[in-house]
Amino acid sequence: MSTDPKGDQLAAAARDAAALQADFYDFIKASGRVRQTLASPAETPPAIQALIGQFNERNQVGMLACAHLHASPAQPVFWLAYAPDRVSCLRCLPRLMDELAPNLEDLCDLCGQPDDDLTGIWGTLDRVTIRGFLCERCHPTGL
Ligand SMILES: [Zn+2]
Ligand SMILES: [Zn+2]
């Protein structure tokens, strides 16, 4: 028996998040322009580390969370750099992305510059999956 149920819960959530990446990849790919999945922080390119930094900064301020995350905070969490004021669970994510899609402008999530050839990326930080669109200058092909 573990003496740290909360730690166990978080570890299980991290495993769930990793497992979900595989399923979720198809969904993200269908949303277009995805470049890669990221396996470990050591492989995380600087631009995606910068997005993770944006998430961490925003997290200090506080974010809106969907009802499911309120009810069960240890499950995998999804954050979209272009809707930085909220986090959602996997269940809510497709709807959130659909809601945001019509108003998405072709602006890089890092430098804010317009670009008609942004690349959709995603990175992970423990149980948080981060999604953003980056320009070629911020995230050159091949990184
Ligand atoms: Zn939810
Ligand atoms: Zn950029």
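Predicted model: local features only at pLDDT ≥ 70, side-chain atom pairs only at ≥ 80, totals over all residues.
Strands of a sheet pair through backbone hydrogen bonds, and the two strands may be parallel or antiparallel. Both arrangements meet at β5 (residues 128-134): seven bridges join this strand to β4 in an antiparallel fashion, while four bridges link β5 to β2 in parallel.

A handy place to start looking is Val 128 in β5, the bridge partner of Leu 125 and also that of Val 77. Further along the pairing, Ile 130 of β5 has Gly 123 standing opposite. The hairpin of β4 and β5 leaves two residues between the strands, and in this hairpin Asp 126 adopts a positive phi near 50°.

Turning to the interior, β5 is largely enclosed by the rest of the structure, because six of its seven residues are buried. The largest nonpolar core comprises 26 residues, and those with the most contacts inside it are Ala 47, Leu 51, Trp 79, Cys 108, Leu 110, Ile 130 and Leu 134. At least two residues of this core come from each of α2 (46-61), β2 (77-80), β4 and β5, with α2 giving the most, namely six.

Setting aside neighbours within four places in sequence, Leu 134 is in contact with Ala 47, Cys 108, Asp 109, Leu 110, Leu 118, Thr 119, Ile 121 and His 139.

Notes:
Residues numbered from 1 in each chain as written. Chains lettered and ligands numbered in written order. Pairing = 2+ DSSP bridges. Core = buried A, V, L, I, M, F, W, Y, C linked by C-beta atoms within 7 Å. Buried ≥ 20, exposed ≤ 12 C-beta atoms within 10 Å, placed from the backbone. Contact = placed C-beta atoms within 7 Å.
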